[in-house]
Amino acid sequence: MARDQLFASLRAARAVVVDDITQLVGNTPLVRLHRIERECPGVELWAKCEFANPGGSVKDRAALWILRDALARGAIRPGMRLIDSTSGNTGIAYAMVGAALGVPVTLVMPENVTAPRKQVTTAYGVEIIYSSPLEGSDGAIVLARELVAARPDLYYYPDQYSNPMNPGAHYESTAPEIWAQTGGRVTHFVTGIGTSGTVVGTSRRLHEYSRSIRCVAIQPDDALHGLEGMKHLPSSLVPAIYDEGVLDDTMWMPTDEGWDMSDRLAQEEGLFVGHSSGANVAGALRIARGLARAGERGVVVTILCDRGDRYFVPLQWEKHYIW
Amino acid sequence: MATVHIPTPLRKYTHGKETVVVSGATVSEVLANLEAACPGIRERICDDSGKLRRFVNVFVADEDIRHLEQLETKVHDNDAVSIIPAIAGG
């Protein structure tokens, strides 16, 4: 199908009419990064706008797949609550999907997740239980497991770090979309690891379309980092869904490089995105630059996980923090 | 003496301890004494020019030193100084 025809048909698809908000999950736009691309002539740089999901992040896909599967299997019975540990975006996604599908939600998150994430989840009516800000997301995982062990009758625990529906969502939706949206021309897929669901599920399916597509994961380069949502596996509990075998390579990203790219994306492309998105594009650009230097062409695709307005902006007049 | 609360990613410098008690009249002095007790820890918290890294927060009691006098913020006896990553991680 000619490029212009493809784009015309995709634009029309945005004005859809649906029965509930969960039907707006997925089928996100793919945007070309023409200005960032000036650093890698001959190579195309594309970013998938996962912030366009109705809950505002890529996690909508995992949350929907997880909840739909749990309801279909009868794992969530009347009177039960969904509980999980989440650095924020999954919580917001569960909150939205839970509200839309009628499932009450309890979230365990570290006290030092950004304020916007706490406010958004409570707007959907969730119950939040806070874990130690010194223990990070691993602390939230441990606390969630303790709560579930104490009340197995009350809680359904989907465990996003172990649930195959998490990478399954990307295997079934994200990967086919990327394949179709690039007309089968994608040569490289690169994205960060949080739970690893996106990179594992998408890579697994992309390799089935074409084994020559290079799939690269990005991790923060240090245990102490500022790339919210991403995981430094060497110092963390490794998610059960992580499958290093589907990856062709791993890249280590300094926080500053990711943050700086988030700033560039807003200023040069009009994309106000979060820090993990900045890290993803910084990683994609490293790969694209390498191809350009070698005189090779390529179609490099990455993920814009969420918008920048979910991130920490210390307000000058806030002397005392309310966690 | 102040009690410094150490986040998980930095506990490899403190032999696994969650808190370290050090002296210091300002945050700067506390970090210098912390470095003496736990070599290598300060360069994770501060960059080459000695400033606090962008993604690390330091609290004296419950106040962010960025809203006080930065590294010159005064630390009183028995104060809790908390080193908290700006984010919770994945």
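This is a predicted model: local features need pLDDT of at least 70, side-chain atom pairs count only at pLDDT 80 or more; totals for chains, interfaces and linings use all residues.
Residues are numbered from 1 along each chain as its sequence is written, and chains are lettered from A and ligands numbered from 1 in the order in which they are written. Local features need pLDDT of at least 70, side-chain atom pairs count only at pLDDT 80 or more, totals for chains, interfaces and linings use all residues, and side-chain values use heavy atoms, with hydrogens and water left out.

Biologist: In what order do the elements of chain B run from the N terminus?

Modeller: Helices (H or I, at least four residues) and strands (E, at least two) are DSSP runs, numbered from the N terminus. Chain B holds 2 helices and 5 strands. Their order is β-β-α-α-β-β-β.

Biologist: What radius of gyration does chain B have?

Modeller: The radius of gyration is taken over C-alpha atoms, and the globule rule is 2.2 Å times the number of residues to the power 0.38. The C-alpha atoms of chain B fill a box of roughly 30 × 25 × 25 Å along the principal axes. For 90 residues a compact globule would have a radius near 12 Å, which agrees with the value for chain B, 12 Å.

Biologist: Which residues form the covered face of strand β1 in chain B?

Modeller: In a regular strand the side chains alternate between the two faces of the sheet. Strand β1 of chain B spans residues 2-5, and its uncovered face carries B:T3 and B:H5. The covered face consists of B:A2 and B:V4.

Biologist: Which residue of β5(B) stands opposite B:H5?

Modeller: Two strands pair if DSSP finds at least two bridges between them. β1(B) pairs with β2(B) (residues 19-22) in the antiparallel sense over 4 bridges, with B:V4 opposite B:V20. β1(B) is also joined by 3 bridges to β5(B) (residues 80-85), running parallel. There, the residue opposite B:H5 is B:S82.

Biologist: Which strands stand at the edges of the open sheet in chain A?

Modeller: This sheet has 4 strands in the order β5-β4-β3-β6, with parallel pairing. Each edge strand has a single partner strand, so one side of each is left without a neighbour in the sheet. The edge strands are β5 (127-131) and β6 (155-156).

Biologist: Which residue of β6(A) stands opposite A:L82?

Modeller: Strand β3 of chain A covers residues 81-85 and pairs with β6(A) in the parallel sense. The two strands share 2 bridges. Opposite A:L82 stands A:Y156.

Methods. Buried means under 20% relative accessible area, exposed over 50%, partly exposed in between (1.4 Å probe, protein chains only).
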